[in-house]
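Subject: Structure handover

Hello,

Here is the structure I said I would pass on.

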Amino acid sequence: MICESCSGQPIFRKVRRQHWLNDRLYIVENVDAEVCPDCGERYFHATVLDKIDRLLTAEHIRSSSSPQGA
């Protein structure tokens, strides 16, 4: 893969990602990404982003199904 911003060579890293879902901002740690060491551009595979969506959606369903006042 070649960086679209600077033509550098991105390397695999675990990063922190800001992720919006249902009008809420989440900070997700240890997300797989390819990061350009020259300019810092980050690339995420669609499967990784889908997995984050599923994880956060499941957490919303679990939270909203708990009884009121619990």
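The notes below cover the overall layout, then the salt bridges.

This is a predicted model: local features need pLDDT of at least 70, side-chain atom pairs count only at pLDDT 80 or more, and totals for chains, interfaces and linings use all residues. Residues are numbered from 1 along each chain as its sequence is written, and side-chain values use heavy atoms, with hydrogens and water left out.

Layout. The protein has three strands and one helix, in the order β-β-β-α from the N terminus. Both kinds of element are DSSP runs, numbered from the N terminus: helices are H or I with at least four residues, strands are E with at least two. Of the 70 residues, 29% are buried. Buried means under 20% relative accessible area, exposed over 50%, and partly exposed in between (1.4 Å probe, protein chains only).

Salt bridges. There are two in the structure. The term means a side-chain nitrogen of Lys or Arg within 4 Å of a carboxyl oxygen of Asp or Glu.

One joins D32 and K14, with the closest N and O atoms 2.7 Å apart. D32 is in strand β2 (residues 24-35) and K14 in strand β1 (residues 11-21), so this pair links distant parts of the chain, 18 residues apart. D32 is partly exposed because its relative accessibility is 29%.

The other joins E29 and R16, whose closest N and O atoms are 2.9 Å apart. E29 lies in strand β2 and R16 in strand β1, so the pair ties together parts 13 residues apart in sequence. E29 is partly exposed at 45% relative accessibility, whereas R16 is exposed at 53%.

Regards
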